[in-house]
Amino acid sequence: MGTLPAALMLPSKLKPASFTDDQRTDFYLHRARRIKRDHQSIVPVARLFGPAIFEASKLKVLFLGVDEKKHPGKLPRTYTLTHSDVTSKLTLAISQTINNSQLQGWYNRLQRDEVVAQWKKIKDIMSLHVHCHISGGHFLLDLVARLRFYIFCKELPVVLMAFVHGDEDLLKNYPELQDALVWVYFHSNIPEFNKVECWGPLKEASISSPSSRAHKSDNEHQHEVQSENNDVKLETPQPCPVACSCCFPPISSVP
């Protein structure tokens, strides 16, 4: 048992395989299909770590009860952005409140990859407040919290560009909104990822390179933004505690 020389277990002479023309054709077609399948399986991973690029052709915009002629300091304006892994398309709803119909279904509740944002006037200063759900709700999100935080940071310029492109008429009518600061709220049950960051003016945050930003600490990034906005204190803006005319809307549409 097991003492036979290895040579006795191998053929003494290997004959080259002979194929007919039809067999060769079938072989190469099968190999080509396999290579193509293998390449397709690599693509999603490459996209995850490749550059984030906005494609206007993949953006669908829905206007629900809003008017681009109305300044968001007078009429509430909220963005609800969702992504389809099947079609790779983005859907942006521009409405007065969150478009909850986009967030229905078990898949959306499982993924929680939506981004919602709201224009706010706080003490007569306009700003855009963006909310991303990192973890919490179910344990699967907790397991990949760090990866989700990385992906949201990487894709956020694309998200902001979708807002700019989808609501371009509003920004043409009120170009000063391009200078509004973008405040990003990362929601997580893990303290490390539960934070608020200022990403600077909208016109810069929507085209900034996430890779260059990733190599900077939060303090370095905040210092850069503050040096460019010396007249603005980089503290999360808080509305007046009592009813006033310098803050709008009086009640946030984002929980």
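**A charged pair in the loops**

Start by selecting R77, which is buried, with a relative accessible area of 1% (buried means under 20% relative accessible area, exposed over 50%, partly exposed in between, using a 1.4 Å probe and protein chains only).

Before going on, a word about what you're looking at: this is a predicted model, where local features need pLDDT of at least 70 and side-chain atom pairs count only at pLDDT 80 or more, while totals for chains, interfaces and linings use all residues. Residues are numbered from 1 along each chain as its sequence is written, and side-chain values use heavy atoms, with hydrogens and water left out.

The side chains of R77 and D167 form a salt bridge, 2.7 Å from N to O (a salt bridge is a side-chain nitrogen of Lys or Arg within 4 Å of a carboxyl oxygen of Asp or Glu). R77 sits in the loop between strand 1 (59-64) and strand 2 (78-83), and D167 in the loop between helix 4 (145-166) and helix 5 (168-173), so this pair ties together parts that are 90 residues apart in sequence. (Helices, H or I with at least four residues, and strands, E with at least two, are DSSP runs numbered from the N terminus.) D167 is buried too, with a relative accessible area of 1%.

**Two other pairs**

How many salt bridges does the count come to? Six, by this rule. R112 is partly exposed at 27%, whereas E114 is buried at 9%. Then pick K154 and E155, a salt bridge with the closest N and O atoms 3.2 Å apart. Here K154 is buried at 7% and E155 is partly exposed at 29%.

You'll find an open sheet of seven strands in the order 1-3-2-4-5-6-7, with mixed pairing (two strands pair if DSSP finds at least two bridges between them). At the edges are strand 1 and strand 7 (195-201), each pairing on one side only. From one strand to the next, the twist averages 20 degrees (axes are lines fitted to C-alpha atoms, for helices over the stretch in contact, and angles run from 0 to 180 degrees between N-to-C directions).

Zoom in on strand 6 (residues 181-187): five bridges join it to strand 7, and the two run antiparallel. Select L181 and you'll see P201 of strand 7 opposite.

**Last stop: helix 4**

Finally, highlight helix 4, which runs at about 135 degrees to strand 5 (125-133). The strands that helix 4 lies across include strand 3 (90-95) and strand 4 (115-122) (contact means heavy atoms within 4.5 Å).
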